[in-house]
Amino acid sequence: MSTMDIVQILLYVVILTFLAVPLGRYMARVFSGEKTWTDPLFRPLERLIYRLTGTDEQTETGWKQYAGALLIFNFCGFIVLFFLQLLQKYLPLNPQGFGAVSPDLAFNTAASFVTNTNWQAYAGESTMSYLVQMAGLTVQNFVSAATGIVVVVALTRGLARKSASTIGNFWVDLTRSILWVLLPLSIIGALVLTQQGVIQNFSTYLHLTTLDGGKQTLAMGPVASQEAIKMFGTNGGGFFNANSTHPFENPTPITNFLEMLFILLIPAALPFTFGRMVGNPKQGRVIFVTMLILFLIFVGAAYSSEIYGNPNVTALGISGPSAMEGKEVRFGIANSALFATITTAASCGAVNAMHDSLTPLGGMIPMLQMMLGEVVFGGVGAGLYGMLIFVILTVFIVGLMVGRTPEYLGKKIESWEIKMATIAILVPAVTILIGSALASVTKAGTSSILNSGPHGLSEILYAFTSAGANNGSAFAGLNANTPFYNIALGIAILLGRFGIILPVLAIAGGMVKKKAVPEGPGTFQTTGILFGALLAGIVIIVSALTFFPALALGPIVEHLIMIGK
Amino acid sequence: MQENVSHEGKKNPSGSINSAMIVEAIKDAFKKLNPSIMWRNPVMFVVEIVAVLSTYFVLRDLLTHAKTLGFNTQIAIWLWITVIFANFSEAIAEGRGKAQASALRKTRSETLAKKLDGEKIVNVPAPDLRKDDVVLVEAGDVIPGDGEVIEGIASVDESAVTGESAPVIRESGGDRSSVTGGTKVLSDWIKVKITANPGETFLDRMIHLVEGAKRQKTPNEIALTILLLGLTIIFLLAVATLEPYAIYSGTIVAVPVLAALLVCLIPTTIGGLLSAIGIAGMDRLLKRNVLAMSGRAVEAAGDVNVLLLDKTGTITLGNRMATEFIPAPGVPAEKLADAAQISSLADETPEGRSIVILAKEKYNLRERDINNLGATFIPFSAQTRMSGVNLEGREIRKGATDAIEKYVREQGGIMHPDVITAVEDIAKKGGTPLVVAEGAQALGVIHLKDVVKGGIRERFAQLRKMGIKTVMITGDNPLTAAAIAAEAGVDDFLAEATPEAKLKLIRDYQNKGHLVAMTGDGTNDAPALAQADVGVAMNSGTQAAKEAGNMVDLDSNPTKLIEVVEIGKQLLMTRGSLTTFSIANDVAKYFAIIPALFFATYPQLKILNIMHLATPQSAILSAVIFNALIIVALVPLALRGVKYEPLGANIILRKNLLFYGLGGLIVPFIGIKIIDLIISALGWA
């Protein structure tokens with residue numbers, strides 16, 4: 001364990017926190033309709049958009065209309081993306097002349113990008129035209145991230161407002177989250193990345209002769225612009241199949257560090273936004289700290305497992321770190337473990353190492369984080385609203401012990417909220433467990449597996465976990481571009497997204513109507529260390545235990561076999 | 001405060017659990033296996049289905065002479081025991097109520113009512129009476145139904161309903177006009193207008209309530225049931241999908257084993273005890289002679305954060321007492337005390353008696369017989385607003401300041417300015433000044449004071465720590481009210497309270513998000529009782545008040561409101577603690593069962609067997625047995641409720657968390673290990 005590694009991990013956490021606080025404050029102002037210093041820049045543009053689309057920005061709606069608008073918007077995005085892929089042959093910006101994408105893959109990809117999952121069952125550089133990448137995928141990279149943000153903003157309003165009926169205007173929230181947050185961050189990010197050497201062009205692919213005389217095709221494209229939003233929006237869908245291991249996507253240690261920072265920046269800032277919007281910054285802080293501590297535990301576990309490496313490799317007499325297979329030598333163990341933890345903590349799924357090649361326990365950490373529902377920072381918006389579901393459950397289970405009907409932010413948690421929260425925690429269990437179970441006993445499922453034994457089960461489990469949690473990272477090893485996986489994972493992706501968003505908005509709708517009981521000495525405190533510990537405990541017990549049997553049969557047993565117990 | 005503690009136990013025949021009740025509860029536990037009853041408790045319903053399933057495998061093993069017969073039989077038996085234990089917990093909780101209900105039913109014996117048909121008296125059976133019928137009830141008769149006295153006055157023995165043997169007066173008009181069916185007129189007669197049809201009377205409702213026949217799940221109970229159901233489904237998925245993973249891994253897990261795992265993981269502990277906790281909460285109220293009209297009210301009581309308390313009877317002893325004699329300049333204190341005593345000897349009001357007592361205590365003046373002194377007593381009248389005596393030429397008067405001042409002036413004297421100052425001082429302190437004069441001389445002032453009950457101040461401090469605000473309601477003027485409020489340590493007060501002001505106060509608090517509890521007895525209290533989240537009507541109060549409130553205090557003791565709140569809190573705490581305990585239990589059960597399940601395929605997993613359980617079979621069996629036994633072990637706790645202390649939320653949380661949360665993590669590790677040792681020693685598995 002090198003000191004440098006630890007210093008780097010700590011440096012990452014410090015810089016992340018340092019940037020998240022002001023960004024969180026800024027977003028709170030944006031979504032409360034307060035003035036921000038960027039208004040002169042974006043306000044005219046926003047007005048223009050509303051005038052063109054006929055949106056009345058003063059009208060707010062209840063949760064049902066809000067959810068309706070969200071569903072319609074996402075459905076349209078899905079249809080457009082689906083047909084763009086099918087028809088790319090006839091459309092411009094296709095210098096490589098790629099043919100139509102198969103319908104099952106198009107379904108899978110459309111579902112994947114609309115839901116901020118960015119699971120890629122294909123290799124981008126050999127399947128998708130520039131038009132699909134830009135007008136289809138990149139657009140979804142923005143709006144799917146924006147969708148996550150608006151849901152958590154709506155939920156926050158539902159918790160903050162008292163005896164009200166509306167939770168906001170979906171179109172306004174969507175516009176503002178893109179104009180004020182995602183777009184500026186991506187532009188700045190893309191410029192920095194380009195400066196560091198990430199490519200940005202529309203060239204046809206280069207055909208080169210390598211030093212030893214071999215032929216190589218070098219894929220080109222507008223990478224930097226997609227790279228920034230891929231990270232900021234926790235999308236993770238790489239321009240290239242190799243994702244952030246590719247030198248054109250991630251050329252230097254600095255870009256590696258920046259990309260890791262970009263992934264968690266918005267998710268880490270949102271708890272602060274939440275705290276400010278509910279009028280008590282402490283409420284946001286406790287969520288941030290809980291996420292941070294869980295994150296550090298997971299990073300530590302993944303890092304230790306990777307450093308410990310594979311005793312079988314060491315036994316072969318290979319010196320140095322024993323678990324380097326499948327990792328970029330440019331980044332090494334610490335950065336790979338950190339990146340893997342970050343990308344699965346958030347619902348990003350960008351990778352700078354092949355997760356299939358992580359040590360069994362090192363590979364279990366990403367899986368576990370996704371199984372928790374990606375609430376350790378999590379996806380843009382999705383992480384916080386997922387965590388707030390756990391907050392509600394924690395308050396309900398533990399809060400009763402103080403002798404009052406459980407209340408969060410002064411509002412009583414009643415059967416409607418519990419019903420919805422229960423659905424939200426049921427969804428990952430349904431998608432991950434049933435999907436993996438189906439795949440592990442059907443020919444269609446097992447024929448795609450690269451490795452046999454427990455590692456093969458891990459591959460299946462990882463795929464459904466990544467889909468159900470809307471992460472999109474791949475364990476690799478599994479050939480997922482088959483009709484079975486394209487459709488099964490596509491369904492898991494859609495369920496994993498909207499099966500949680502709808503209950504979350506329903507909770508917002510239930511809570512917004514309630515009166516708030518003023519806080520007093522009899523109130524169960526939802527700030528402070530004790531609450532943070534309880535929250536982490538409930539996350540682990542309720543979520544992790546569900547998947548414990550499956551994990552025991554996959555990575556845990558694989559680890560035990562590896563170490564020769 | 002203390003006085004009502006003594007009521008406990010003497011009233012209701014439902015005090016403790018006896019062996020007959022246990023036998024009855026065991027019978028009921030089996031009756032409740034009926035699926036049409038069982039499904040009301042989804043968690044235990046799942047256990048029942050699983051038990052049926054494993055019984056099927058036992059039968060199959062019997063027919064095929066399989067080797068697994070012994071093990072599968074034990075699993076099936078313990079699964080059935082789990083269900084029966086859960087049913088037993090509910091049955092035993094219901095048992096106490098049933099015992100009381102049957103006692104109540106006896107009082108609802110068939111009585112003949114003397115129905116008035118014009119001037120004629122017709123004898124009709126009580127169940128034939130309808131609303132608005134008028135009946136005559138004479139000494140020795142049982143009142144045939146709930147009603148309102150429209151004529152007459154009588155003393156009534158209400159012990160059948162309240163358990164209180166001292167008779168009460170019931171008369172037409174005013175707040176003492178309501179009578180309850182089943183109670184007995186001891187003297188005189190009354191004409192009663194019946195206000196409830198048979199089946200809807202107070203006694204009927206009471207029987208229903210204590211029997212739990214109409215028991216509906218409370219809002220929090222419903223929410224918790226949903227969560228438990230959700231957890232059950234999640235674990236059902238986790239267990240059901242284990243089979244495909246096992247098949248993938250090249251093994252098959254026997255269904256009874258999966259059944260065992262499922263039952264261990266789903267929250268059976270809280271699922272089994274949930275309903276018993278709710279019933280026991282209402283029962284604890286009943287033991288204190290408070291009838292809650294619904295479980296919802298009990299739950300709301302736990303949430304209350306504002307208590308509206310009537311000053312008289314709750315905060316103060318109810319009567320003003322003399323606490324000090326303040327003589328006028330130049331008058332010896334003994335002289336004032338003497339005059340005060342003589343003038344009060346014939347005064348039978350509590351104030352009058354307290355003056356005599358004070359004179360005796362402070363100046364050692366013995367009580368004298370007013371008749372032997374040959375004195376004439378001048379009673380208090382509304383015109384003169386004073387009372388006194390004429391004795392051997394002495395004329396002693398005591399009364400309100402302005403009345404005495406007028407009297408002194410008429411006698412040709414003048415009141416010393418110091419007396420006026422003393423009067424003002426007393427008023428400022430919230431007391432009532434009573435001026436004593438003899439002839440033309442004002443002798444001084446008696447300080448009459450509302451005496452705050454002992455211990456009440458500490459009680460309010462406790463409530464404040466729990467986050468409950470106390471508001472004193474009084475008809476006194478603001479000055480007096482403020483003084484008493486300060487002395488009693490309430491947070492706020494409403495002076496010169498009218499029913500409208502009370503109602504407005506409740507609404508104001510509710511609009512700020514508070515939940516309000518109050519007591520009341522008069523008809524004019526009804527709107528406020530209905531508006532309050534918890535309205536406790538006094539049994540001595542009017543029918544309207546009882547209808548409006550959601551609880552009735554049979555003892556008519558307003559102080560009990562505080563206990564009601566405590567019981568509500570205790571109920572919620574018990575529910576939360578056992579839920580936490582139940583969920584925390586799962587950790588240990590996983591570590592017992594998972595390594596056992598896959599022992600054959602992946603012996604490496606034995607590293608997870610941190611309890612070092614003897615064999616896979618004994619591990620599974622131990623977990624199932626622990627899971628069943630913990631239910632019955634916690635029944636006493638569910639019935640009694642967790643220990644309640646009036647502390648702030650944070651301290652309570654820490655205590656309960658340490659005990660039930662941490663305990664829930666650790667206890668099963670120890671319990672399962674011990675059971676494993678026993679069953680391997682016995683050679684069961």
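## Contact between chain B and chain A

In this predicted model, 61 residues of chain B are in contact with 62 residues of chain A. The size of an interface is often given as the accessible area lost when the parts come together. For chain B and chain A, this buried area is about 5200 Å². Carbon and sulfur atoms account for 76% of that area.

## Polar and charged pairs across the chains

The interface of chain B and chain A holds 1 salt bridge. In a salt bridge, the side chain of A:Lys412 meets that of B:Asp303, with a distance of 3.5 Å from N to O.

## The side of chain B that touches chain A

Several helices of chain B give two or more residues to the side that touches chain A: α8 (219-240), α9 (242-248), α12 (295-303), α18 (456-465), α20 (499-511), α23 (560-597) and α25 (649-682). The largest share comes from α23(B), which provides 14 residues. Sorted by class, this side of chain B consists of 34 nonpolar, 19 polar and 8 charged residues.

## Two domains within chain A

Chain A is itself divided into domain 1, covering residues 3-279, and domain 2, covering residues 385-564. The C-alpha centres of these two domains of chain A are 23 Å apart. Their contact involves 40 residues from domain 1 of chain A and 42 residues from domain 2 of chain A.

Between them, domain 1 and domain 2 of chain A bury about 3300 Å². Of this area, 75% is given by carbon and sulfur atoms.

## Pairs and helices at the domain boundary

The count of salt bridges between domain 1 and domain 2 of chain A is 0. Polar contacts are present, however: 12 residue pairs between the two domains of chain A are counted, both residues being at pLDDT 80 or more.

On the domain 1 side of chain A, the elements that give two or more residues to the contact with domain 2 are α3 (63-86), α4 (103-114) and α5 (130-160). Among these elements, α5(A) gives the most, with 11 residues. By class, the side of domain 1 of chain A that touches domain 2 has 20 nonpolar, 16 polar and 4 charged residues.

Technical notes:
Residues numbered from 1 in each chain as written. Chains lettered and ligands numbered in written order. Predicted model: local features only at pLDDT ≥ 70, side-chain atom pairs only at ≥ 80, totals over all residues. Heavy atoms only, no water. Contact = heavy atoms within 4.5 Å. Buried area = accessible area lost by both parts, 1.4 Å probe. Salt bridge = Lys/Arg side-chain N within 4 Å of Asp/Glu carboxyl O. Helix = DSSP H or I, 4+ residues; strand = E, 2+ residues; numbered from the N terminus. Nonpolar A, V, L, I, M, F, W, Y, C, P; charged D, E, K, R; others polar. Domains from an automatic or database assignment. Polar contact = N/O pair within 3.5 Å; in protein donor to acceptor, adjacent residues only side chain to side chain.
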